[in-house]
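Please keep the sequence and the structure in view while reading.

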Amino acid sequence: MKYLEGRIGWTLLVLAGLVFPFVTGNDYHLTVMSTAYIFALATLGLNLITGYTGQFNLAHSGFMALGAYVVGILTVDHQVPFWIAFALSGVITALVGLPLGFVSLRLKGHYFSIFTLCVGYIMFLVIEKWESLTHGTVGIIGIPAPTGFGGYVFDQPRALYYLVFAFLVVGAFVMHRIVTSLLGRTFMAIRNSDELAESLGINLARNKLLSFLLSVFYAGLAGGLYAGFVRFLGPDLAGTHHTFEMTTFMLIGGIGTILGPLLGAIGMPWLSQHLQFLQEYRYVVFGPLIILLVIFVPNGIVGSYLAWKARRASNEAKKLAAAPAAKPVNTTAPQGGATHA
Amino acid sequence: MDFLQQFLQQVLNGLTLGGIYSLVALGLTLVYGILHVPNFAHGAFYMAGAFVSFHLMTRYGVNYWLAMAGSAAVVAVLSTLAERLVFHPLRHHSGLHPMIAAIGMMLFLEATAQLIWGADFQRMQSPYSGIVELGGLTAPVQRLLIIAAAFLMMVVLHLFLKKTVTGSTIIAMAQNRDGASLVGIDANRVAMLTFAIAGALAAIAASLYAPINLVYPAMGNLVITKAFVIIILGGMGSVPGAIVGGLIIGFAESFGAFYISSDYKDIIAFVLLVVILSVRPQGLFTKGVR
């Protein structure tokens with residue numbers, strides 16, 4: 001835990017991210033990595049509601065698309081400057097999420113998942129059909145590149161890479177602070193047993209809603225960033241496939257940790273770029289991979305590492321405790337050992 | 001008169017859609033009753049059913065009804081395999097993991113179908129392309145066939161569940177798993193049987209509907225999502241609920257498409273669900289817990 005989620009691990013990761021553009025001179029790699037960071041930012045949000053609060057949200061890519069379309073529509077159709085539109089992307093997404101959050105408060109487990117699956121579909125269909133607002137299947141093209149101070153324009157792959165990376169680092173830091181705070185523990189208590197959490201005086205409704213809104217806010221911002229990065233949008237962004245992909249990132253890395261989903265979200269697009277020859281058939285490989293992971297590595301890479309460390313620690317404690325006993329039949333020995341330790 | 005004709009036409013459309021939705025939802029609700037897991041891969045079974053029928057008919061020139069039976073058998077095996085290989089190992093896991101595994105299976109089946117048959121939209125020919133005139137009302141034969149076959153299947157399933165011992169074991173296990181195993185019901189056997197029935201129902205529904213629709217790898221997605229709406233409406237795990245819910249959604253869609261907007265007809269079911277869940281989170285017909 002200390003190494004993985006502690007300062008050293010984070011510092012190394014940030015350094016690796018900073019150095020990456022110098023290691024690869026390839027613009028294509030930078031673009032792949034930047035896209036991965038944007039989805040990692042969204043996955044952080046999904047992980048909060050699903051991994052920490054235990055509500056399996058299937059509308060996440062819908063909210064991401066919503067944020068992206070806020071930026072697309074405002075900048076292209078209303079000439080709003082990118083950063084103002086970007087700031088609004090998170091806010092408006094959260095505002096749309098608010099009534100849905102209220103409905104979802106009363107839904108537990110499978111009902112919540114199916115409800116959000118439908119919400120995701122509604123978003124996709126609305127984006128596709130409401131042509132006067134969203135340009136329908138044509139999509140939005142010509143989204144202006146983000147600008148910096150003094151008229152600087154983020155339109156080079158390296159500049160965009162650092163811009164996206166900066167957002168991911170800040171997003172991950174804030175998320176780390178959230179989940180290690182009292183609030184994060186409250187979410188985890190709800191995940192583990194909402195009845196127990198309620199009996200401890202935790203306000204279920206308020207905390208579930210807060211977790212949902214924070215998660216949706218991350219999705220919206222990631223979407224806004226995506227709009228400024230890719231600079232064109234289509235309804236496909238809202239498709240459930242993206243939610244499923246983010247769920248897979250989360251699962252491979254480790255649900256309910258910050259580092260796990262991050263690593264998963266960064267590693268998976270990388271992997272799929274190297275499986276390019278599979279093209280759209282990559283799910284022939286990924287599908288069974290998801291199933292095998294769920295069955296054999298349910299906690300993901302980081303989660304399993306943490307579990308392994310915990311097991312090793314407890315085994316050592318047991319060994320210490322059992323040391324005086326020569327035969328396991330001797331039942332008094334562990335007791336003696338325990339007092340010894 | 002003109003109004004009445006249009007109205008009856010929508011009733012006919014509603015019955016067609018409703019019959020198909022009910023068949024898909026029935027399989028889903030049976031599996032939910034036994035497993036307590038929403039099987040997101042059920043739509044992929046539906047898609048697989050359509051493709052297997054399509055394949056048997058176009059490649060081997062098999063008769064429509066035989067192709068339907070063949071596809072029901074193939075998908076029943078596929079569905080049973082899914083139970084054995086995916087859901088059985090996960091039955092002690094929390095709700096999240098089986099759901100994600102089901103999604104993995106869905107992605108796999110869709111990609112495999114695309115690998116074998118391509119991403120293009122395919123058209124499946126019905127041997128019954130005629131049109132029947134019923135007192136000023138025109139109805140394609142295939143539509144009438146869908147309605148008749150779907151409701152026949154429902155009656156058969158009902159008789160099977162109510163009148164046979166094997167059927168009763170499924171109901172018993174859906175009602176109380178521990179109690180069922182206490183009286184000597186083999187939980188594994190019942191789970192496999194339920195998956196087989198669900199798969200066969202999905203394949204039959206798809207083979208019935210395919211001739212008036214299109215066949216493509218993602219065709220199951222919208223249908224399965226609507227089937228989820230239906231089983232929430234009707235109460236998860238309830239057989240009559242799935243039938244009534246299917247008809248409600250079928251009618252809401254055909255009337256909505258005609259009188260409101262055909263662009264938004266696919267949204268109607270979901271909006272209905274959001275409204276209903278806001279008012280009654282347990283669904284329309286659920287009395288107690290589930």
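A residue is called buried when its relative accessible area is under 20% and exposed when it is over 50%, with partly exposed in between. By that scale A:Y305, with a relative accessible area of 31%, is partly exposed. The model discussed here is predicted.

**Aromatic pairs**

- Over all chains, the structure holds 25 aromatic pairs.
- In one of these, the ring centres of A:F86 and A:F167 lie 5.0 Å apart with 65 degrees between the planes, so the pair is edge-to-face.
- This pair links distant parts of the chain, since A:F86 belongs to helix α5 (residues 82-104) and A:F167 to helix α8 (residues 157-180) of chain A, 81 residues apart.
- A:F86 is buried at 6% relative accessible area, whereas A:F167 is partly exposed at 25%.
- A:Y305 and A:W308 form a tilted pair, 6.1 Å centre to centre and with 35 degrees between the planes.
- Both of these residues lie in helix α15 (residues 300-322) of chain A, three residues apart, or about one turn of the helix, and A:W308 is partly exposed at 41% relative accessibility.
- One aromatic cluster is formed by A:F20, A:Y37, A:Y161, A:Y162 and A:F165.

**Fold of chain B**

- Chain B contains 11 helices and two strands, and along the sequence they follow the pattern α-α-α-α-β-β-α-α-α-α-α-α-α.
- The radius of gyration of chain B is 19 Å, which agrees with the value near 19 Å for a compact globule of 290 residues.
- Of the 290 residues in chain B, 56% are buried.

Technical notes:
Residues numbered from 1 in each chain as written. Chains lettered and ligands numbered in written order. Predicted model: local features only at pLDDT ≥ 70, side-chain atom pairs only at ≥ 80, totals over all residues. Heavy atoms only, no water. Helix = DSSP H or I, 4+ residues; strand = E, 2+ residues; numbered from the N terminus. Rg over C-alpha atoms; globule rule 2.2 N^0.38 Å. Buried < 20%, exposed > 50% of the residue type's maximum accessible area, 1.4 Å probe, protein only. Phe/Tyr/Trp six-rings, centres within 6.5 Å; stacked < 30°, edge-to-face > 60°.
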